[in-house]
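Please keep the sequence and the structure in view while reading.

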Amino acid sequence: MCQCDIMAFVDIGPLRCSSKRKVGACSVDVCPVGQSRRPQRGRNVNRESSFSVSGWPCATRPHKELLRVQAGGGTGPNDPELEAQLSLGCIGGGNMAWAILSGLVSNKVIPAQSIFVCDRNEKKLQQYKDLGIQVVGSVRELSKCSAVLLAVKPYAAANALSELSPDCRALVISVCAGLRLETLQGMLSPQCPARLARVMPNTPCLVGQGASAYALGPSATAQDSEVVQLLFRAISVIVKVEESMLDAVTGLSGSGPAFVLMFIEALADGGVQNGLRRDTAQVLAAQLVYGTAKMVMDNPDTHVAELRNRVESPGGTTVAGTAALEKDAFRAAVQSAVRAATLRSKELA
Ligand SMILES: NC(=O)c1ccc[n+]([C@@H]2O[C@H](COP(=O)([O-])OP(=O)(O)OC[C@H]3O[C@@H](n4cnc5c(N)ncnc54)[C@H](OP(=O)(O)O)[C@@H]3O)[C@@H](O)[C@H]2O)c1
């Protein structure tokens with residue numbers, strides 16, 4: 001049985017809308033990409049996009065909506081209600097903070113003057129000032145924000161959170177790998193009734209094409225969930241899961257960029273072995289992966305195996321290649337990699 005509660009951001013045609021549906025044992029919440037979710041209270045949404053999947057085990061059937069997701073999908077009308085209320089503080093101004101905050105400003109999700117950042121390193125802060133983001137001198141000054149993003153290395157989290165004022169009422173959103181919600185709660189002052197969210201982003205967030213998943217703490221509200229979605233969909237696909245699933249997310253999309261890079265490298269090596277120049281082979285391999293992923297995202301109703309079968313002509317070159325991959329246990333190797341990374345994530349937590 002599928003345990004996931006999937007929150008997908010999807011372009012579902014001219015009427016871009018948001019809705020929640022049951023998919024087998026999964027609840028799928030659909031919302032446009034690169035746009036804010038407008039509150040849909042009491043409104044009946046796009047009927048055309050509704051579907052029934054009874055009889056399909058959730059784990060084996062591709063999620064149509066989820067596959068329609070395009071990360072970092074441009075600008076769109078924002079949710080004025082949520083936007084007006086939101087002030088975002090950010091502890092740490094490193095790589096992940098820059099990806100998220102610059103994505104928010106460039107996609108016009110939140111005005112730069114409603115974003116505040118604090119970092120120990122003055123040099124890192126200039127780029128934020130250049131965008132119009134407010135720079136503050138201490139973490140404590142972020143305590144009045146409605147949401148605070150914790151974007152420091154995991155070992156620095158306890159110290160950073162202890163600097164928040166005890167009367168901080170913010171939603172605290174951590175991107176720190178491996179730090180559980182319970183651990184984060186313990187790092188906050190006992191007087192601080194913070195609501196918590198934990199997000200697992202990945203490195204392609206840095207180029208606006210990430211894959212992220214989040215889990216909410218017990219006191220977090222539905223509006224907190226919307227805030228997390230609003231912040232991350234500017235740079236990634238964002239999926240809601242139970243916290244227990246975040247290790248599997250870490251093993252798949254968190255660690256996955258390294259697996260895909262290794263695949264690209266191996267493809268390029270194969271090209272070089274057959275006489276291509278290294279730079280030519282690398283660009284062909286990278287575009288191959290990028291374009292094939294787009295085919296999957298653009299064909300949400302088609303299983304990836306069917307897409308593959310379409311390019312395997314009987315007796316042709318491609319099937320000779322895929323047969324070689326099967327012989328060398330390619331699938332088993334990839335599954336082992338995800339499993340090993342998931343186990344390691346559990347060990348580290
Ligand atoms: N980068 C990724 O692709 C990625 C992917 C998934 C998850 N994450 C998570 O994202 C988090 C941030 O990663 P990152 O790569 O952005 O790290 P980073 O580049 O090292 O940025 C963290 C920044 O926070 C500063 N800092 C630390 N403690 C502070 C404090 N108390 N007050 C103010 N500033 C403070 C650090 O300063 P100092 O350098 O002086 O300590 C550093 O400039 C990590 O927990 C990581 O697990 C990152």
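Arg180 is partly exposed, with a relative accessible area of 23%, whereas its salt-bridge partner, Asp247, is buried at 4%; here buried means under 20% relative accessible area, exposed means over 50%, and partly exposed is in between, with a 1.4 Å probe and protein chains only. The model is predicted, so local features need pLDDT of at least 70 and side-chain atom pairs count only at pLDDT 80 or more, while totals for chains, interfaces and linings use all residues. Residues are numbered from 1 along each chain as its sequence is written, and side-chain values use heavy atoms, with hydrogens and water left out.

**Salt bridges**

- Side chains of opposite charge can pair when their charged atoms come close.
- The whole structure holds 12 salt bridges, each defined as a side-chain nitrogen of Lys or Arg within 4 Å of a carboxyl oxygen of Asp or Glu.
- Among them is the pair of Asp247 and Arg180, at 3.1 Å from N to O. Asp247 lies in helix H8 (residues 246-254) and Arg180 in the loop between strand S8 (171-174) and helix H6 (181-187), so this pair ties together parts that are 67 residues apart in sequence.
- Helices (H or I, at least four residues) and strands (E, at least two) are DSSP runs, numbered from the N terminus.
- Arg277 and Asp279 also meet through their side chains in a salt bridge, at 2.4 Å from N to O; Arg277 is exposed, with a relative accessible area of 57%, and Asp279 is partly exposed at 43%.
- A further salt bridge joins the side chains of Arg308 and Glu312, at 3.1 Å from N to O, where Arg308 is partly exposed at 30% relative accessibility and Glu312 is buried at 15%.

**The sheet and its edge**

- Eight strands form an open sheet of mixed pairing in the order S6-S5-S4-S7-S8-S9-S10-S11, where two strands pair if DSSP finds at least two bridges between them.
- The edge strands of this sheet are S6 (134-135) and S11, each of which pairs on one side only.
- Strand S11 (residues 236-240) is mostly covered, since five of its five residues are buried.
- Strand S10 (residues 210-216) pairs with S11 in the parallel sense over five bridges, and Gly210 has Ser236 in S11 as its bridge partner. From S10 the chain passes through helix H7 (residues 222-232) to S11, in a β-α-β crossover that is right-handed; that is, with the strands pointing away from the viewer, the path from the first strand over the helix to the second runs clockwise.
- Strand S9 (residues 195-200) pairs with S10 in the antiparallel sense over four bridges, and Val199 stands opposite Tyr214 in S10.

**The ligand site**

- The ligand is surrounded by 22 residues, of which the closest are Met96, Asp119, Arg120, Lys124 and Val152; a residue counts as near if one of its heavy atoms lies within 4 Å.
- An N or O atom in the side chain of Lys124 is 2.6 Å from an oxygen atom of the ligand.
- Backbone atoms take part as well: a polar backbone atom of Met96 is 2.8 Å from a ligand oxygen, and a backbone N or O atom of Ala177 lies 3.0 Å from an oxygen atom of the ligand. The ligand has 890 Å² of accessible area on its own, and the protein covers 84% of that area, with areas computed by the Shrake-Rupley method with a 1.4 Å probe.

How values were computed:
A polar contact is a pair of N or O atoms within 3.5 Å; within protein, one must be able to donate a hydrogen and the other to accept it, and residues adjacent in sequence count only if both atoms are side-chain atoms.
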